[in-house]
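Good morning, and thank you for making time for this.

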Amino acid sequence: MHTEKKEKQAFRMLGISGLGLLFDSMDVGILSFVLAALKVQWGLTPTEMGLVGTINFIGMALGAALAGLWADRYGRKRLFIVTLLIYSIATGLNAFAATLTIFMALRFVVGFGLGGELPVVTTYVLEAAPQQHRAKWVVWLQSFWAAGALVAAIISYFIIPEYGWRIGLFLGALPALYAIYLRRALPETPAFTRQITTQTFSEKIRLLWSAPYRRTTVVLWTLWFASVFSYYGMLLWMPSIMIMKGFTLIKSFEYVLLMTLVQIPGYFAAAYCVSRWGKKPTLVTFMALSALSSLAFGLSPNIWALLISGICLSFFNLGAWGATYAYTAEQYPTLFRATGTGWAAGFGRIGGIIAPYAVGLLIGMHVGFSWIFGLFFLMTTLAVLVVSFLGREGIAES
């Protein structure tokens, strides 16, 4: 009876945490559609569109690094709520931006909250999950990201063309109300409650590069950089790329919505494979298939090839992301788990800073999409090789 009660409480924590992640994903997803709309309404150049994404990811990098440190000091629950409030309120304000400068400044704040929330909520669920199902639960958590992307696509398809991008962003502010409920509903994780924190922030960072964890940190930072570079370089530009290929705004949103639908089964497939194969084999397999799909997308000669390769790309790329979070969260002990996850994510966001702007520059220079997506293929392949030859499966410490 006691075990059954603990499992019910853990599932409740997973659901509450997952909804927070869903709202995160909704905000990121809406941004890609908002950029496509702003290109039409404000006449943004590809370079300006890329700069918006870059500013967003600078905030995410800083948020991930600092929130991870603070979560190891002050608790996972507290930082989860604070970061959720930051990005929710900033997203609501972003809906009222009158100039590109104000829009980008608020996107930095949105990115800070969003980047901080992602590693914190992953650590939270890992420590709250039953020991034997930890990795699978983390992948399940990431499936809420796919659900959020789907909500963003639906909002963007039905709301933005009819009512404008401001309404789409305003809907992203709703999680602020949810954060008030979270403060009352979520307990702190048992693992954090048991530990006694004596290390300073600088000592925790040094632990990442200590002899037992140095190789792990190199693998994770490379993995995150390559994955974030490829993910945001491709998916943030997806609606705009469809428009540049000759589709209307509405038809572009329709095709991206179709591609987004397959992200959810991609996560569940990864969760199944993690429980059967383990984290590392699942991660390597899904990343390799994602790399091939990105190359096929860039080389697509017609609409059907574009759709099929785009569907495969969404399926395998998001499945790989679920495995990435599960793999990362079990590479460090409780003492500096959030710090390790946050700094890996923060370093990865440098890839997010570079990729959107670089894609905008390449498009502005009339570089073909086959070359651009060939770059994403190479980056993802790099991550596959590093994890395959240098990565460890993980640790079992609670």
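Let me begin with Y332, which counts as buried because its relative accessibility is 0%. Please bear in mind that this is a predicted model. F336 has a relative accessibility of 2%, so F336 counts as buried too.

I turn now to ring geometry. A pair of aromatic rings is described by the distance of the centres and the angle of the planes. A search of the whole structure finds 21 aromatic pairs. In one of them, W224 and W321, the ring centres are 5.2 Å apart and the planes stand at 65 degrees, so this pair is edge-to-face. W224 and W321 are both buried. For Y332 and F336, the centres lie 5.6 Å apart and the planes are at 55 degrees, so that pair is tilted.

There is also an aromatic cluster, formed by W209, W221, F225, F229, F297, F347, F373 and F376.

Finally, the helix pair. Helix α17, residues 337-364, and helix α18, residues 369-390, have axes that come within 10 Å and cross at roughly 155 degrees. The two helices, α17 and α18, are therefore roughly antiparallel to each other. Their crossing is right-handed.

Terms used: Residues are numbered from 1 along each chain as its sequence is written. This is a predicted model: local features need pLDDT of at least 70, side-chain atom pairs count only at pLDDT 80 or more; totals for chains, interfaces and linings use all residues. Side-chain values use heavy atoms; hydrogens and water are left out. Axes are lines fitted to C-alpha atoms, for helices over the stretch in contact, and angles run from 0 to 180 degrees between N-to-C directions. Helices (H or I, at least four residues) and strands (E, at least two) are DSSP runs, numbered from the N terminus. Angles under 35 degrees count as roughly parallel, over 145 as roughly antiparallel, 65 to 115 as roughly perpendicular and the rest as oblique. A crossing is left-handed if the near helix is turned anticlockwise from the far one by less than a right angle, and right-handed if clockwise. Rings of Phe, Tyr and Trp (its six-membered ring) pair if their centres lie within 6.5 Å; planes under 30 degrees apart count as stacked, over 60 as edge-to-face and the rest as tilted. Buried means under 20% relative accessible area, exposed over 50%, partly exposed in between (1.4 Å probe, protein chains only).
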